[in-house]
Amino acid sequence: MHELSHRPGDRHRIAIGPGGVAVGDGDFLVIAGPCAVEPGDGLLRIASAIAGSGAGMLRGGAWKPRTSPHSFQGLGVEGLAPLVAAREATGLPVVTEVLDPRDVALVAGSVDMLQVGARNMSNGPLLREIARAGLPVLLKRGFGATVAELLDAADYLLAEGNEDVVLVERGIRTFETATRFTLDISAIPVLRERTHLPVLVDPSHPAGVARWVPDLARAAAAVGADGIMVEVHEVPDSALSDAGQALTTAAFDALVTSLDPILAAVGRRRSTVAAPVALELR
Ligand code: PEP
Ligand code: MN
């Protein structure tokens with residue numbers, strides 16, 4: 001009955017990473033980056049571009065939960081070093097998904113936040129292990145899960161003593177096939193009523209098509225979400241996963257610019273990171 005995730009009237013604000021980029025209670029967090037960390041130094045260039053556009057945090061999957069075992073599965077442990085390098089160069093805190101409870105401790109040593117993907121939202125043992133790592137957690141809604149089930153999954157994390165949970169609406173499966181999933185925009189006001197936890201929207205996975213992503217992202221800002229997580233790639237057509245939905249860095253820059261007046265209208269400020277720590281020291 002999602003008792004732990006329900007604290008009426010309270011809004012939980014979370015500070016992520018050494019610079020303490022904020023989410024919740026009026027702070028709108030823009031997380032961006034490629035679906036997967038890919039071979040080469042593309043991640044570093046994407047990270048620099050999105051930092052320049054005003055993103056507050058970098059995402060990139062080292063391990064990818066693919067529907068088909070024949071699709072690119074991610075670089076695995078090799079994907080962690082590029083994330084750390086991009087974090088050092090830009091000052092952006094980093095989030096990546098963990099698929100296996102055995103990898104939690106290793107990954108937690110390299111990143112600032114752990115992601116639970118839609119396909120693992122109901123994986124209790126993984127949730128418990130991730131909660132115990134002591135980092136903030138990004139919990140994505142399963143595409144067949146109700147709002148109540150998402151809150152129950154959040155309770156697994158809270159029950160382990162981890163209060164720093166951010167929920168993500170990323171689209172659910174409906175009879176509609178025009179989009180990859182159906183963004184349940186209604187879930188945002190419902191969740192904000194039922195939980196004190198910050199709620200983000202992932203506009204990329206429901207759209208499935210890059211040109212629809214900015215409209216869904218602006219809807220997220222207008223509806224009262226606490227942030228967005230959006231996929232960005234240097235050359236979307238060549239992305240090794242989710243190529244169709246990745247924004248170019250230029251399209252991402254235009255999106256961020258278009259969000260600011262909407263955020264001002266709904267009384268939120270976009271979270272920013274302090275100047276890159278590593279670059280300041282050089
Ligand atoms: C992702 O964030 O790239 C991802 C795999 O998302 P989801 O778990 O929502 O499908
Ligand atoms: Mn993806």
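Which polar backbone atom lies 2.8 Å from an oxygen atom of ligand 1? That atom belongs to Ala118. This report covers a predicted model. It begins with the ligand and then moves through the protein.

## The ligand site

Ligand 1 sits in the largest pocket. There are 13 residues around ligand 1. Arg59, Lys64, Ala118, Arg119 and Arg170 come nearest.

Several polar atoms of the protein face ligand oxygen atoms. The backbone of Ala118 supplies one of them, at 2.8 Å. The side chain of Lys64 places an N or O atom 2.9 Å from an oxygen atom of ligand 1. For the side chain of His205, the distance from an N or O atom to a ligand oxygen is 3.3 Å. On its own, ligand 1 has 300 Å² of accessible area, and the protein covers 97% of that.

## Other salt bridges

The structure holds 19 salt bridges. One of them joins Arg102 and Asp100, with 2.5 Å from N to O. Arg102 is exposed, because its relative accessible area of 73% is over the 50% cut-off.

Another salt bridge links Asp215 and Arg218. Here the closest N and O atoms are 2.9 Å apart. Both residues lie in helix H8, residues 213-223. They are three residues apart, so about one helical turn separates them. Asp215 is partly exposed, at 48% relative accessibility. Arg218 is partly exposed as well, at 25%. Elsewhere, salt bridges with shared partners connect Arg128, Glu129, Arg132 and Glu160 in one network.

## Two positive phi angles

Most residues other than glycine have a negative phi. Asp25 has a positive phi, near 55°. Asp25 lies in the loop between strand S2 (21-23) and strand S3 (27-33). Its relative accessible area is 42%, so Asp25 is partly exposed.

Asp242 also has a positive phi, near 50°. Where does Asp242 lie? Asp242 is in the loop between S10 and helix H9 (249-265). Asp242 is buried, because its relative accessible area of 15% is under the 20% cut-off.

Trp63 is found in the loop between S4 and helix H2 (80-90). With a relative accessible area of 14%, Trp63 is buried. Trp63 and Gly227 are 164 residues apart in sequence. In space, their C-alpha atoms are 23 Å apart.

Leu191 lies within helix H6. At 1% relative accessibility, Leu191 counts as buried. Its C-alpha atom is 9.7 Å from that of Glu169, a residue 22 positions away along the chain. Thr195 lies in the loop between helix H6 (187-194) and strand S9 (199-201). Thr195 is buried too, at 2% relative accessibility. The C-alpha atoms of Thr195 and Gly224 are 14 Å apart, and 29 residues separate the two along the chain.

## In brief

Conventions
Residues are numbered from 1 along each chain as its sequence is written. Chains are lettered from A and ligands numbered from 1 in the order in which they are written. This is a predicted model: local features need pLDDT of at least 70, side-chain atom pairs count only at pLDDT 80 or more; totals for chains, interfaces and linings use all residues. Side-chain values use heavy atoms; hydrogens and water are left out. A salt bridge is a side-chain nitrogen of Lys or Arg within 4 Å of a carboxyl oxygen of Asp or Glu. Buried means under 20% relative accessible area, exposed over 50%, partly exposed in between (1.4 Å probe, protein chains only). Helices (H or I, at least four residues) and strands (E, at least two) are DSSP runs, numbered from the N terminus. A residue is near a molecule or strand if one of its heavy atoms lies within 4 Å of it. A polar contact is a pair of N or O atoms within 3.5 Å; within protein, one must be able to donate a hydrogen and the other to accept it, and residues adjacent in sequence count only if both atoms are side-chain atoms. Accessible areas come from the Shrake-Rupley method with a 1.4 Å probe; for residues, only the protein chains shown count as cover. On a 1 Å grid over the protein atoms alone, a cavity is a set of points where a 1.4 Å probe fits but cannot get out, and a pocket is an open set with protein on both sides within 12 Å along at least five of seven lines; lining residues have an atom within 4 Å of a point. A molecule sits in a cavity or pocket if more than half of its atoms lie within 2 Å of its grid points.
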